[in-house]
Structure formats: structure tokens, C-alpha cells
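Hi,

Here is the structure I promised to pass on to you. Please open it next to this email, and I will go through what turned up.

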Amino acid sequence: MSMKRRKVGSFQATVASDSDSDGDGNGVHDELPRAREEGLFHRSIRTDAHGHTVVSTSSLNVAASPSKRRPPERDLLVSDDVDFSVSMDVDSDVPASAFPFSGEESFAFDEGHPLDPPRRKQRESDHPMAQWLRDRRARFLDELLRLEGRAHKRQQTRCAACPANMTEAIFRCKDCFTDALFCKSCIVAEHKDNPFHRVEVWNDRSFFETTTLKSLGLRIQLGHGRNGICPGTLLKRTLAAAAEEEARKVAEETAQDDGEEGEDGLQATKRPRDDFCVVDSNGVHEVGLDFCSCPSAQDHDIQLFHARLYPATTTNPATAATFRVLRDFQLLSLEAKCSAHHYYNKLARQTNNTGVFQPRTRYHEFRRMAHQWGNLQMLKRAGRGHVDDGIAETRSGECAVLCPACPQPGKNLPLNGSWRNVPREQRFIYALFLALDANFRMKRKDVSSEADDPSLGDGWAFFSKVEEYMRHLDAHWTLEQEKSTCVAHDAVDEPNREAFGTAASGIGTVDCARHNMKRPNGVGDLQKGERYINMDYLLWKSLEYYDDILQLFISYDIVCQWHKNVWIRLAQYNPELRQRGVRRFYTWLIPKFHLPAHIEDCNVLFSFNLTPFVGQTDGEAPERGWAHINGIATSTKEMGPGARRDALDNAFNDWNHKKVIGLGKSLLEKIQRAVPNMASHRLALLEAEQGLAEEVVTQWTAEMEAWELDASQPNPFKLTEKHEGMAAIRLRLASQVAAEGVENDVDDVRGDIHAHEMIHMGMQLEGQQRQLASDAGLLKTHATDRQKTGLVERSNKLGRKISEWLKIRESFTPVVSSLRAADDAARASMARLQPAPPLPVPSIKLWLPSALAAQPQTTVKRTHAYYEFELRVGQAHAALEGLRQQLLVRTAKWHYKDEFQRGVAANTRGKAAIANVDEQIRRIAAEYRVAHQALVRLGPILNETDWKRQLRVLMPDDVRPRPRATFSDPQRKSGYKRKRGQTREQVADERRRKQAEDRPASWIWLSQLSENEEQQDGMTEALRIEWAKTRARAMRWTEEVDLLEEEMRRVLEFQKWKAEWWAALADQRQTVVASDSILNEGLTAYARRQSQIQLDLRARFQGNWRDIPAYIQMGRDSVTTIPEEEEDGGEDEDEEDEDAPIPDAPRDEYLAASLVEESLA
């Protein structure tokens, strides 16, 4: 085997991971790795004296090649461990590639040191589930049952905490780590700091039953430290005890007088309320809680807050939730989309899941506390508590988490304003990429109202202020929405479709199109479908505070219709919105996945792939976000308007937050993918242009740039001469027949079948004949009975179809009957004394007008000739286009095989895939030849000659891929393989001779040939469009690298600004609350902690990206010129050439005869 190598700068990627490795334990790949041994197997095959094959295998241990050491696997969840170290070694050889430092190509191939180490033997631990089933399931079950009793503490009869250890121990805690047993007083003393733990008591029936710390005497005292007790509480307890004793005596006296028990009288006595309920993450608890009643005591709700208990009400609270359970629910609702109803039911069952005891229901209180908690957390994280009158002065969208990679004026853009004056070709670097979309799963039922359920943060995050939004909709609700001129978009043609029983049919959003984050004030409810006035408001409102951004790229799945009158609508809106649309440059686009559903013009005018300055943006960001948010749709649709908006604000803030902390990994992965693609596509463009005349490239480039500046200019991606497809031709013929009228078509109609329909049916049967013949020729010698049965059944069915069709054919042209009889007589005479064998189905002649034209003294009806001629022209053009596409596919498969497939199995699969494509090419070529031969026969009848300029005779040598000089592959550019024994000088001479004698492009890649075949009017449009697409791919990847480089810079700048912003907030309220040192300390601590988090995140990203500038520069420098190639000696195991013509496949005798007669006659 030989491999072409190119001398280039080497790139070494070093990855650290926390995963297990065979290294020194630190998980870092050393620059000079120490030698280690590998077990290798050597297999020899020989033939002995008797002709038997003898296979022998031996193993040996050798030192592993340093270049073959594998780095430890990258942990994709810990991107900050990634370390790129770039080294330039101009003398190193690496396998040739479009990008010299991509993937496994950085490892030198060496047959003595395979890439994959020998597989170790299977261990028992490799199947842990089977091991558990066999060895541990029964034991684990026993251990579970053992823990239902006192387990290893069974012999412990005394309390584990009593000093004298003399008290009986019967209590244990389910939440403490220890399973020790305690007495009543000690279990209470042990839980002064954990009053919400669950305890059990070993009863006299020999099992543990649930009890409570409150029933054991534990009291929670607020406002007096860990062991303190309020004097007011002592007084209350004394008075309560005295009152209870007095009531007991009264009850006893009453009972003696009445001769009854005193229980009713005791129950009737009013006792102090002692039923405080606390919701914690392990259940719902009734606790004994005492508020501080000192003269300086805080209000009850504030006392609870100081104990990290959130009160359900602000007046005489009797229920609270721990901060812990509120945080837990918030995270669970955001990650697992758990509703408050389900979460509270989980807590209730966790308290008691037997049904014997039902804890008090605090669901409504819990939902209210969670709602308030989410709002407070949003304000806290937005820094509103650090500003005087911060809540009242909160601006619209100020509590939303911003995208640090997007341009944020005053935060991550140059403060000198230089970015506003950059040239047009650099303006996209500072552009804002926005994506609009609607989600109709986010409905809200028509329950509650704005008055009963107001939002706690109206307009502070992602939803706009309700009053302003609804005022806009009321003012412009009657605006007419024009019908779609594209395909039938429901969002356009049915904007007022009802969603019965709902107050909101869905939501519309504006997203950051490149980083998939929701935009501040870019979310709003939809009332009836996806109306333009809704989406207009969300777009222009989301641009608040972004007036300095000059370039906007806006993606929307119906942008082809929505943008038409956007300026007319904007002129009717209020001034606040109108000013957002002026002094900007707009580019309208359709998301890549949605684009194929549009008409052809939209696929060119609004394509991300063809539009300059968009990089690899796809516009599908909202769709990815819907997959995340749809999980809470079932719970939010039951909420009131305010609670739903607040819930969605929290969900979108969490979504943005996760995206922000993941930017270090996501941008790194994008740049790792973008730089190699940039280099490979720029190299492909460079090679493509080397094979073209300089004036042609100059002309095409000028046309491309003119179209990019002005879309009204001729589109370089669009065919100027577009051939009709078969469906279009059939429609045209049917329309002509309908226009001529029934009375003029009597001779061309038999029953309900017209002549052009009959001819089209015959052409379909002809294609099925070729398909059957081709499949029969591919049938192996030892084919299975199932394969043979399938082929025979297909042949029988096709024979019956042909027989029925020939009856119709004879009714249109009676002479066909005599021609068939003559053929039968000729076959019978050839058989002489033997009976004539049945004619194979693929060899049955269909006697279409083109076949009749080849018969002497046979007249072909002109209308029939016209119908077949038109259909054959469409068939030929379709076959020619299919031939070009399959040749491109074949070239791509060759390139993939050469670059990525190694080893016998992989190469075998690659060759099999190429062989399948070759077979398709042969079949398409046969179809073209049949169509061309028919045109040759029918043309003189109709005096048609124009078709010959584009449809020529297809020789076997014409069926070859595009020439290397035009669009070649860097790995196989030379087109010459070094043979055994040749010197490098001989190789170079042979290559120069071969390149000098290189054949021109096959005519199938050229068009508009003149009568002189040596002259060409110009290259085919297919080549120009392919060049344009090649250039577009190179430009998009180059732009993507530029965008990613700027986005990384912006992220670091934003984090620096954010850290300084938090640091400045630390002292902003000092003068106002100077008397409250505790609050000052909290404000300072939180602000400095947030500032440090931003700095730490920035340092992490910087560490991940520290070598990216060098990495990008290497990619840009790698394709300034096409690098020279060198041969490494030895024979190439693959002697095939993807540029060679596709050979015709051998056929057996009768199939070859039928193909010659029907396809090449």
C-alpha cells in the first residue's frame, strides 16, 4: 500500500479527561509520551507441498510507536479540560487531506503498529447486570428486610447518647446517616438543628412505626439563637399549662356532678393554636414552633425568613416552606418539567404512602410560595436588590439573561464605536442574527384573568408588558393579511383560526439565531393563529436598547410572505416601534430545514447557504428551544395569565443560563468543525478555479458579486435554460388535447385512452423491460430460489401488462399486428423443425412510433410521432441530469473511501457502494441511449434538429466524471499512481505527460455545442452553478470562522463587563442602608460572589480557547496555494480510478440481444 503525503505544518490536539486512562494518572497527554508495549499478532499464510493452505499465528510484544499513542477520550461534559497545544513542524509528514490537521489523519499509518490495540479478554465485571442477578439479588433483598428491623443495633438496649447509657433506646432517625438507637430525650436533643427529620419508634409489637419530633417534645424557637428561648414563650407556656390544669379540674368537677366522663368538657376548652406546618424536601411536617414575642421582635414572616423558612402568608403565617424545598422544586420543574401538583403529591406520599394517615393539604400555599420564590430569585440575580428602588425602577427586559456572544452595545463591543464604521464586507461581524417562530403547543386555557392573577414581573424579562402589547393588537387587529404567493402556508392563509376554549393559542418568540437564546421582550401570546401584527410587535420590541446595531439577519419560516409589506405595516405602528426599523440593513432568510417546503424562487432568494455573510447559521434555533419548553406545556396551559408568564420567564431564563455556561464548550466545538471545513472548501474552490480560464472565473465572480449586492440581478445559482420534466410535458400535451376539443381528436382516442397516454404507458413498459433485463443480468449463478421466483413472477406480470397494452397499441395502429405476425413467422422459420421458443419478456417489441419509423415502407402518424418526440426529449434530459448526479455521487463516494475507509472490510464496503452507483449509471445511460435513438428516428419526420445541440450520441467513453482540472480532489489530483520500481523522476515525468494529454470534459458536462464539435459556445450552466455552490460553501465556512472568532472575543468581553458591573453594585446601596450592617454585608457578599463567578467562568473559557487564534491562523494559511504532493513509494493496492469511464456490464446472450435491439438499435 502506498499513501500520498504532503509536507505541511502539523497540528497536535492534546485533550485532558477525568476518565480512566493508562497514563500516569493526571489525565494529560505528555508531549513526549513514554514508551509502552503492545501485544501484536503476526499471521502468515503459505501453501505446503500437497497444495494445502497453512495458516500460522504468532504473538509478540513490541514498543508502541509514539505517533500511535491514543489521547484519552474527551469528556464532552467537561469542556474546560480541553487543551489545544499547537506546534509547527515543517519537516513532519502527514497523510494528504483537504485540511492537513483533521481527525485521525494526525496519526501516521504503520502496519506494524495498528491504531486499535488488541482487545482484552472479557471479564465478569463487563456484565454487571448478569453478575447481580446471579450473585447479589437474593442477598440484597435479605439486607433490605434486615434493615426493617433494628439490624446490627438489635443488641443495643441502651441509648447511644446518654452519658450513663442507662436509658432504653427505641427511637431512630430515617434521615440521619447513623442508624443508632436513642432514648426520647436524646433523639430530641440530637435534632435541635434538624427539626424536619423523620423519626421512628420500636413499639411493643416488634416493628418500627412513624412518629414525629413534635410529639416527642421538640420545639422550634425563632429569634433567639440555637439554644435560646424567648421569655414570652416561657410565659405563654406557663399560662397555657395553668389554663389547661384549670380546665381539667373544671371538667372533673363537672363529670362528678353529672356522673359522666370529663372528656367533652376538656375538648371544649379553647387551647392555644399549635399546628404550624412546614413543607420540606422530605415531606410535610407538623412542628412545634414558637415565635419571638420580645418587644424588639421582627414580624412573624420576617422571623421565618431569618430561619430560611418561606412564609405562605405575611399575616399570622401558619405554613412555611424551607428554602431547600423551593430550590429543589425550581430546579426539578426546570429540568424535569415537574408541575407543582405532581411535586406536592410526591411530598405528601413521601410523608405517608400507606393511606392510613393523610397529611394536611398545603398544595395551594406551596404553589403560591414557589411562584413568589421564582420572582424573588429573578430579581436577585438581575441585581435589582442592589439598586435603590430597584424593583419599582426595573426596566422592560432588564431581568432577562442576555446572550454574551451576540453584539451588546456598551457591554462587549468596542467603546470607541469603530465597529459602526467598518466596510460592508465586515459589517456582518457585528450583525444581529434573529429567528422568529411560533409554538402552538404552548396554549393557555381560558381560566382566571389579569385582575385575579397578575404577573409578578410584567415586562421585566421575556414577555412584553401586557397592557402595551394588547393595546397594539387592539389598534391594528383589523389589518388585512394578504394571501400567500408561495405554497399554502397555514400561518399565512389561516391567521385567524380559532383555538376553542383557550385564551392564548400559543406563543411567538424572537430568538438569537446563532446561540439559541430567547431575546428580552421577544415573547408574546398569540390569540388567533400566527398573525403578522403579533410577530411584528415582538420583533421590534426585542430590538429595544439595540438601536446602534446596523445589520440584521432575520430568519422566519414564512419570511417570503411576511417581509413583503413589513414596512407598510410598521409605518402604521406607534412611534416607539417605528424608530426601531430605520437606519438599518436587513437580510430576510428562511430556516434551512423549512426552506425545501417553499417554491423554487424562495429556495434561492432566502437560502442561508447562498446568502453572503451568514456563515453556517441555519435559522432553526427556535425549533431546538421548543423541544425544551414543550415539556411544561401541560402544566402552564392550566395556569392563570400572570402565573403562566412568570413560569415561562423563569424557564427561558434558565434556558439562557444553561446556554451561557455552555458557550465554552459549544463555541469550541463549532470552531473545531469550522476551521477544517473552511480550509477544505477554500482548497476545493482554489483547485476548481485553477482548472478554469481566468476570464471565465472573473466573469462569474463579477456576476456573483453583482447578485449579492442586488438580488434583482441575474441569479448565478439559477438555470437560465430549464428543461421541462416529464410531468410538465405530459401536462402540456394534455392541455393541448383539451384545447383542441374532443371532435378534433377522434382518430387519437380509443375508449377513454388518448394517443399520448398510450405512448407514455408504452415508454413506462419499455423502462420496466430494461429494469427486468438488468436485474436478470445481475443474478448470480447460485442465486436462491426466492430470488429466482421473484424475477420470474416479475417477468410474468410484465408480460401480461405488455400483452394487454399491445392490444390497445394495435387499435391505434393496425399495422403493428402485421409486423408482430411477421416477427413470429421469422422466428418460426429460424427454428425450422423445432417449435419456436417463447420470446423473453425483455425482448418483446412494443412498436412505438420510433420503432415503426425504422421499418421500410411504414408510415408513422405525425401526431403520434410528435407525442413520442416530446416525451423522449423530456426523458433524455431527465436521464442526462440523473447521469450527472450519479457521477457526482460516485466521485463523492470515491473521495470518502480514499480519505476515511481503511482496512479490508471498510474498503470492501466502499467498493460495493461504488459498484451499486456504477450499476445505476449504466441503467441511466441505457435509458438515455434509447431516448436518443428514438429522437434520431422521429426528428426527420417532424423536421426537428434543435435538440441535437444538447443531446448527442452517448458513447461509453463519454460516461465519465467531471475532469480533475475543473473540480478535482486534492488526494487524487495527479491521476497517476506510482508503479513498482519507478523512480520519483519517472513518476514526475509520467504525471506531466498525463496532465498534458488530459482529455477535455465529456460533452455531458458542456452545453450549447455548435455544429463544429471542436468549438464550444461556453461551459454548461451545470458547471457554473457547481462553481457558484463551491464558492458559496467556501465563503460560508470562511464567514463562520470569522463570526466564531468575534463571538469568542465578545463572550470574554461581556464576562469582564459583567464582573465589573457586579463589583460596582456591591457598594451602590451603602449610603442608603448604612444603618443595617447585616444587609450591607449580604449585598456585598452576593455581588462579589457573582463578580467572581463571572471571572472564574471567563478564566475557564480563556483556558479552553487559549490556542484557538493559532489554530485559526493555521487554517487560513493552509490554503493560500495548492500544496505539492509527494509519493511515498510502493504499490497502490487500489488500481481503480474514479475518473475512468464506467464500463458496460457483461450480459448473457438473450439479454444482450434484447438490449441491443431495444436500446441501441
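V279 stands opposite A321 in β14. That pair belongs to strand β11 (residues 276-280) and strand β14 (residues 319-322), which run parallel and share three bridges; two strands count as paired if DSSP finds at least two bridges between them. The strand and helix names come from DSSP runs, numbered from the N terminus: helices are H or I with at least four residues, strands E with at least two.

Before going further, a word on the source: this is a predicted model, where local features need pLDDT of at least 70, side-chain atom pairs count only at pLDDT 80 or more, and totals for chains, interfaces and linings use all residues. Residues are numbered from 1 along each chain as its sequence is written, and side-chain values use heavy atoms, leaving out hydrogens and water.

What lies on the other side of β11? There β11 pairs with β12 in the antiparallel sense over five bridges, and F276 stands opposite V287 in β12. The two strands make a hairpin, with two residues between them.

Is β11 covered or exposed? Mostly covered: five of its five residues are buried, where buried means under 20% relative accessible area, exposed over 50% and partly exposed in between (1.4 Å probe, protein chains only). In a regular strand, side chains alternate between the two faces of the sheet. Here F276, V278 and D280 point one way, while C277 and V279 point the other way.

Now step back to the whole sheet. It is open and mixed, with five strands in the order β10-β12-β11-β14-β13. β10 (219-221) and β13 (309-311) are at the edges with a single partner strand each, so one side of each has no neighbour in the sheet.

Helix α8 (residues 340-351) touches β11 and β12 (283-290), and helix α9 (residues 363-381) touches β11, β13 and β14.

Finally, have a look at helix α21 (residues 694-709), which has 16 residues. Its buried residues are V697, W700, T701, M704 and W707. Why do they share a side of α21? Because they cover an arc of only 130° around the axis, taken from the directions from the helix axis to the C-beta atoms. On the other side of α21, E694, E695 and L709 are exposed.

Enjoy exploring, and write back with any questions!

Best wishes

Conventions: Expected span 1.5 Å × (residues − 1). Contact = heavy atoms within 4.5 Å. Axes fitted to C-alpha atoms, helices over the stretch in contact; angles between N-to-C directions.
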